Amino acid sequence: MKIIMLGAPGAGKGTQARMMTEKYEIPQISTGDIFRENIRNQTELGKKAKSYIDQGLLVPDELTLDLVLDRLSGEDCKDGYILDGFPRTIPQAEALTAALEEKGEKIDFAIDVEVPDDNIVQRMSGRRVCPKCGATYHIRYNMPEKEGLCDECGTELIQREDDSPKTVQKRLVVYHEQTQPLIDYYRRKGCLYAVDGTRSTDEVFQEICSVFG
Ligand code: AMP
């Protein structure tokens, strides 16, 4: 199964992708996580990506594409994967389609997790993440068992710098301009499935699983 998670920043793509990874045993490939790891390790890519991420802008396609296509050729991707945060532009989607077509493959499901903008801003202010393993929580809707600590690895949770209200507004503008057109792109390919992302994490997960049948 090759799956793409679409939706605005903070719609819950990452949380759902993580749950799907456990159930279907295919890797979650999050470009945001890859960039953040590079930033933590102070790599050249990390330094370049940080300047865009901090402003709420997309990292340029030329820094993103090879990274992802290379990752998809990994042994652990042979039975499928969940792309979380990629593609985010039409050129990225076209490059992915072309790379898959070369191997006679295609995306099976593009899941659009729909959440209205005003809801997103509210959600992002309460989002907390684990800087070590990437697990995400919410101070009201998806609390860790022990306040402020990651359930998976016990690390102290933090708020992402780009989750500040001003940067979130910018990321939403960028989302509507550059990423939302992918919904039509995948609808035309016949693999788009929209789910209502405003419901509880478990309800959204049930709906996504029913899409796979
Ligand atoms: P995310 O964790 O998916 O919200 O990504 C955090 C940030 O990383 C985004 O706001 C972008 O700056 C950058 N980013 C993640 N994925 C991509 C992508 N596919 N193309 C360009 N920039 C990306």
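Reader: Where is Gln-42 placed?

Author: This is a predicted model, in which local features need pLDDT of at least 70, side-chain atom pairs count only at pLDDT 80 or more, and totals for chains, interfaces and linings use all residues. Residues are numbered from 1 along each chain as its sequence is written, and side-chain values use heavy atoms, with hydrogens and water left out. Helices (H or I, at least four residues) and strands (E, at least two) are DSSP runs numbered from the N terminus. In these terms, Gln-42 is in the loop between α2 (31-40) and α3 (44-53).

Reader: What is the phi of Gln-42, and is the residue buried or exposed?

Author: Gln-42 is exposed, with a relative accessible area of 60% (buried means under 20%, exposed over 50%, partly exposed in between, with a 1.4 Å probe and protein chains only). Gln-42 is a residue other than glycine, yet its phi is positive, near 50 degrees.

Reader: Which loop holds Glu-25, and what is its phi?

Author: Glu-25 lies in the loop between α1 (13-24) and β2 (28-30). Glu-25 is exposed, at 71% relative accessible area. Although Glu-25 is not a glycine, its phi is positive, about 55 degrees.

Reader: What is the omega of the cis peptide bond at Pro-87?

Author: Pro-87 sits in the loop between β3 (81-84) and α5 (90-102). The cis bond joins Phe-86 to Pro-87, and omega is about -5 degrees.

Reader: What is the strand order of the open sheet?

Author: Two strands pair if DSSP finds at least two bridges between them. β2 and β3 pair in the parallel sense over 3 bridges. The open sheet has 5 strands with parallel pairing, in the order β2-β3-β1-β4-β7.
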